[in-house]
Amino acid sequence: MISPHSARRATRVQEAPPPSGPPAWDGPPPPAQEPAQRSTMERVKDLPSKVSIRWRLTLTYGALVFVAAAVLLFSVYAIVGNAITQAWPPLDTSELPPTYAARYEEYWNSVQKLVVQNARDALLTSSLMALVGVGILALIIGYFVADRALRPVAQMTTTAKKLSESTLAHQRIGLEGPNDELKELADTFDAMLTRLNVAFDTQRRFVANASHELRTPLTINRTVLEIALSDPEASQDLKALGRTLLEVNARNEKLIEGLLLLARSERELAVRKPVDVMDVARTAVEQVTPFAEEHGVTVSTELVSAPTIGDPVLLERSVSNLLENAVKYNIPENGKVWIRTGMADGALVVQVANTGQHVPAYEVNSLFEPFRRLHADRVDSAKGSGLGLSIVRAVVQAHGGNVAAVPRDGGGLVVTIRLPRR
């Protein structure tokens, strides 16, 4: 769509067939690669990164309580044996014969060991069951403790998701509670939102002031030049100079208009209403058709209904920019432009393709930068200001979509916009 700004050659470019099939907004898929074999140890090391912090805290609390209960169990296990041994009554064998006394003492010691072992076994069995219950209870309590501890963080996350340029003025976290680390973090975040709100207000005022201060002198210049050119007594040299200045003035007006539109597109959308991109594309084609006929370019349409929510004016301007670029940077003779709208993979798709000179694949992404042209960065601006694709990208991103371009077989570009459904 964008070609070098050198003089067009008279040679005809071999034309490739128009784009067909479902819109491929992101180009051909990358080559398939064999997944790398990973060891069991590497998979185990990656497990913590796949578990949320809530569950990590829960497992940590549960493990600590379980370990503490297990240490207490084995301590009681040892204490019970020692307590029974110390409390075991001594055996008086002074009145028995020596032979019977030794046997009776041996029997008494064996009974003591058996009692100690039975008591420990009974304690261990019941304690293990209690330990399992304590472990489950620890996990449940740990989950609720982690949930309560992370509630301020969840509140900050929710607030951050709701934030936009239009809500910065009144949306704050306002965390209440003790002056701990989380309260300090929330207050710091609120202070940052206040600074952002001031910055956005400054930007809005700058755009409004720039719109007035920059357009007014150019409008006055254009009026003065038109009056001078309408003077019948003006010389031919003066008229030639006036027409040249009018062209320069018009280019400056277009550049300023593009800069202001780019600044507006990069902010939060002020208008959101139902719009069918088919109608937007049809209007853009009607506006560009005289310009295309002047350049000898044929515009082919394949428009299918695709409803969405957004700013119709900005969407129309983005489609018009794509069509104007497709016409402006086409081949010298018998140029063609194709535009399609429709739904693909559950998303709204607008695709514009054109014939033209070959565009290297590594140069395509840089064309969306402001003032960037193929082989001509910030120079040779006879065909435009270099803001067309930048405005398209800003508008599409403001609508929550994506825009991508791929070189077209035979020359030119295929630019595809993808927007969320309504």
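## Stop 1: an aromatic cluster

Select Y143, which counts as partly exposed because its relative accessibility is 29%; buried means under 20% relative accessible area, exposed over 50%, and partly exposed in between, with a 1.4 Å probe and protein chains only. This is a predicted model, in which local features need pLDDT of at least 70 and side-chain atom pairs count only at pLDDT 80 or more, while totals for chains, interfaces and linings use all residues. Residues are numbered from 1 along each chain as its sequence is written, and side-chain values use heavy atoms, with hydrogens and water left out.

Y143 and F144 form an edge-to-face aromatic pair, 6.0 Å centre to centre with 85 degrees between the planes. Rings of Phe, Tyr and Trp (its six-membered ring) pair if their centres lie within 6.5 Å; planes under 30 degrees apart count as stacked, over 60 as edge-to-face and the rest as tilted. F144 counts as exposed, at 55% relative accessibility.

How many aromatic pairs does this rule give? The count comes to two. In the pair of W55 and Y143 the ring centres are 5.2 Å apart and the planes stand at 45 degrees, so this pair is tilted. W55 lies in helix α2 (residues 53-87) and Y143 in helix α3 (residues 98-162), so to find both, select two distant parts of the chain, 88 residues apart. W55 has 46% relative accessibility and counts as partly exposed. Together, W55, Y143 and F144 form one aromatic cluster.

## Stop 2: the whole chain

Now colour by secondary structure. The chain has nine helices and seven strands; helices (H or I, at least four residues) and strands (E, at least two) are DSSP runs, numbered from the N terminus. Of the 422 residues in the chain, 35% are buried.

## Stop 3: the five-stranded sheet

Select the open sheet of five strands, which has the order β2-β4-β5-β7-β6 and mixed pairing. Two strands pair if DSSP finds at least two bridges between them. Strands β2 and β6 (402-407) are at the edges with a single partner strand each, so one side of each has no neighbour in the sheet. From one strand to the next, the twist averages 15 degrees.

Next, select strand β4 (residues 335-344). Eight of its 10 residues are buried, so β4 is largely enclosed by the rest of the structure. On one side, β4 pairs with strand β2 (residues 297-303) in the parallel sense over seven bridges. To see this pairing, show S300, which stands opposite W338 in β4, and L303, which stands opposite T341 in β4.

β4 is also joined by eight bridges to strand β5 (residues 347-354), and these two run antiparallel. Here M343 stands opposite L348 in β5. The hairpin of β4 and β5 has two residues between the strands, and in it D345 takes a positive phi near 55 degrees.

## Stop 4

Select helices α6 and α7 (residues 312-328). They pack with their axes 9 Å apart, at an angle of about 35 degrees; axes are lines fitted to C-alpha atoms, for helices over the stretch in contact, and angles run from 0 to 180 degrees between N-to-C directions. In this contact (heavy atoms within 4.5 Å), the residues of α6 include V280, V288 and F291, and those of α7 include L315, V319 and L323. By class, the contact of α6 with α7 has 11 nonpolar, three polar and three charged residues. Ala, Val, Leu, Ile, Met, Phe, Trp, Tyr, Cys and Pro count as nonpolar, Asp, Glu, Lys and Arg as charged, and the others, Gly among them, as polar.

The axes of α7 and α9 come within 9 Å and cross at roughly 145 degrees. Among the residues that make the contact are L314, S318 and L322 of α7, with L389, I391 and V395 of α9. The contact of α7 with α9 has seven nonpolar, four polar and no charged residues.
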